[in-house]
Structures are given as C-alpha cells and as structure tokens.
Amino acid sequence: MSQSITRNHFDEWMMPVYAPAAFIPVRGAGSRLWDQQGKEYIDFAGGIAVNALGHAHPRLVQALTDQAGKFWHTGNGYTNEPILRLAKMLIDATFADRVFFCNSGAEANEAALKLARKYAHDRFGSEKSGIVAFQNAFHGRTLFTVSAGGQPAYSRDFAPLPPQIQHAVFNDLESAKALINDQTCAVIVEPVQGEGGVVPASVEFLRGLRQLCDQHNALLIFG
C-alpha cells in the first residue's frame, strides 16, 4: 500500500468499536509518543495500564529481539522455557499455586467467572450459579464479562444476556449484602473502578465482601 495513512482511514476501514484519538502515533520512548507530524505527547494512557515500562524500554526490546531470533508462537501443543520460568516467579510472589496465561483482561475475567461456576457446581450443585457484580464496573467485552460489567450501554444490544448476574451499588456493603446468598457462586469487584470514574473501594467495603463470601461459600474475584 503506497498511499499515505491518515486518521480518517480508521473511520473508513475499521469497525467503529472504539473512538481513537485524532492523531496517529508512530514512535514512542518511555512515557512519550510522537505522531506522524513529529508532535510530541505525554502518554498518560500507557496502553490502558499495559505499558508499565513505557515505550521501547531497552531491556524489553532486547528480550523481544532475542526471542524473535529463536521461535515465535507455538500454540497450546507445546510449552516453553520462558513461560514456565514466569509461572514459577508468579507462584513464588503470590498466593497462587497454578497460573493461567491469556491475552487480555476480558479473557482473564471470563476464565475466573467460568472457574467460579465450575467450582461451585462441583462442590455445592448446579443451583449455586449466581454472580454479584457492581454498577458502573468494567470487566471486559466478551458477552459474559460485559454482562457482569453493569453498564447497560455496553450490553443492551446483545440480549439475551447470561442469566443470574445481579448488580449492587459499588462501595455500598448493605447493597451487596442484600444480593449475596447461598446461591451466589462469586462476587466480582474492581478494587479501583476505572470506567466508573477511578473510584477506589474502601478497605471496609472489601473486607465486608470477603466476609460475606466466606459466609456463603462464594469466591471473591478482583477483576
């Protein structure tokens, strides 16, 4: 393709799922970005919190270059040394004894919700399937996670939605208490609501959710 690329081409060629900025970044270094015209920006988004090391960090560039010279993607038919080393590092640094790697936060939350239902069904029976989430939350764009998100603007066009998901008021323990019962398999909550306005959950609220989940044999998912 020889033609010059402009931001207008996004509106012409891409599905309108997102509304990106009016400029196209072409280069980054640390916390800075430069667009097609060479204008410099401070990147406060950081890839929606993905680029914790900034753009083009030399150690990350070197690691990616080294791996690219060995092999790329293998699928699920093989494992590999780097992923196993990382899994062990995560186990040693956290409460977990197993690791599941995936491609996005949506996929991680989808897996967590599925595992919560399977755990409950295996131990308590299929009637224990309820999920309690919170208004104005965001957990991803799969059908399951967008339903848990509690933002009708994101989910109303895709009905019928997965059943047995209820939404309480964030940071309101009494609201959550009214919904959590012995048929609840999981409570999913953001410790800091992002799309809800960057609102942190209070310590008392999170401790109360932990106690309610323990009381009703439900899993607590930080998603």
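This note sets out points on the domains, sheets, backbone and cysteines of a predicted model.

1. Basis of the values. Residues are numbered from 1 along each chain as its sequence is written, and side-chain values use heavy atoms, with hydrogens and water left out.

2. Domains. The assignment divides the protein into domain 1 (7–72), domain 2 (77–102) and domain 3 (105–222). Such bounds come from an automatic or database domain assignment. The centres of domain 2 and domain 3, taken over C-alpha atoms, are separated by 26 Å.

3. The antiparallel sheet. Three strands in the order E1-E2-E3 make an open sheet with antiparallel pairing. E1 and E3 are the edge strands with a single partner each, so one side of each has no neighbour in the sheet. Neighbouring strands are turned by 30° against each other on average, direction ignored. Strands (E, at least two residues) and helices (H or I, at least four) are DSSP runs numbered from the N terminus; two strands pair if DSSP finds at least two bridges between them. Axes are lines fitted to C-alpha atoms, for helices over the stretch in contact, and angles run from 0 to 180 degrees between N-to-C directions.

4. Pairing and turns in that sheet. Strand E1 (residues 25–29) and strand E2 (residues 32–35) are joined by four bridges in the antiparallel sense, with Arg 27 opposite Trp 34 in E2. Their hairpin has two residues between the strands, and Gly 30 takes a positive phi near 60° there. E2 also pairs with strand E3 (residues 40–42), again antiparallel, over three bridges. In this pairing Arg 32 has Ile 42 as its bridge partner, and Leu 33 stands opposite Tyr 41. Four residues lie between E2 and E3 in their hairpin, where Gly 38 in the turn has a positive phi of about 85°.

5. The parallel sheet. Four strands form a second open sheet, ordered E5-E4-E6-E9, in which the pairing is parallel. Its edge strands are E5 and strand E9 (219–222), each pairing on one side only. On average, neighbouring strands are turned by 25° against each other, direction ignored. E4 and E5 share four bridges in the parallel sense; within this pair, Val 132 stands opposite Gln 166 in E5. Helix H5 (residues 105–124) packs on the sheet and touches E4, strand E6 (184–189) and E9; the direction of H5 makes about 160° with that of E6. Contact here means heavy atoms within 4.5 Å.

6. Gly 130 counts as buried because its relative accessible area is 14%; buried means under 20%, exposed over 50%, and partly exposed in between (1.4 Å probe, protein chains only). Leaving aside residues up to four places away in sequence, Gly 130 touches Gln 164, Gln 183, Thr 184, Cys 185 and Ala 186. Gly 130 and Gln 166 are 36 residues apart in sequence and 7.8 Å apart in space, C-alpha to C-alpha.

7. Backbone geometry in the loops. The peptide bond joining Ala 159 and Pro 160 is cis, with omega about 5°. Pro 160 lies in the loop between helix H7 (152–155) and strand E5 (165–168), and Gln 164 has its place in the loop between H7 and E5. Phi of Gln 164 is near 65°, a positive value in a residue other than glycine; Gln 164 is partly exposed at 45% relative accessible area. Val 198 is not a glycine either, yet has a positive phi of about 55°. Val 198 lies in the loop between strand E7 (192–193) and strand E8 (199–200) and is exposed, with a relative accessible area of 63%.

8. Cysteines. How many disulfides does a search of the whole structure find? The search finds zero, a disulfide being a pair of cysteine sulfur atoms within 2.5 Å. The sulfur of Cys 102 is too far for a bond because the closest cysteine sulfur, in Cys 185, is 19 Å away. Cys 185 is in no disulfide, and the nearest cysteine sulfur to it, that of Cys 213, is 10.0 Å away. Cys 102 is partly exposed, with a relative accessible area of 29%, whereas Cys 185 is buried at 1%.

Definitions and conventions: Predicted model: local features only at pLDDT ≥ 70, side-chain atom pairs only at ≥ 80, totals over all residues.
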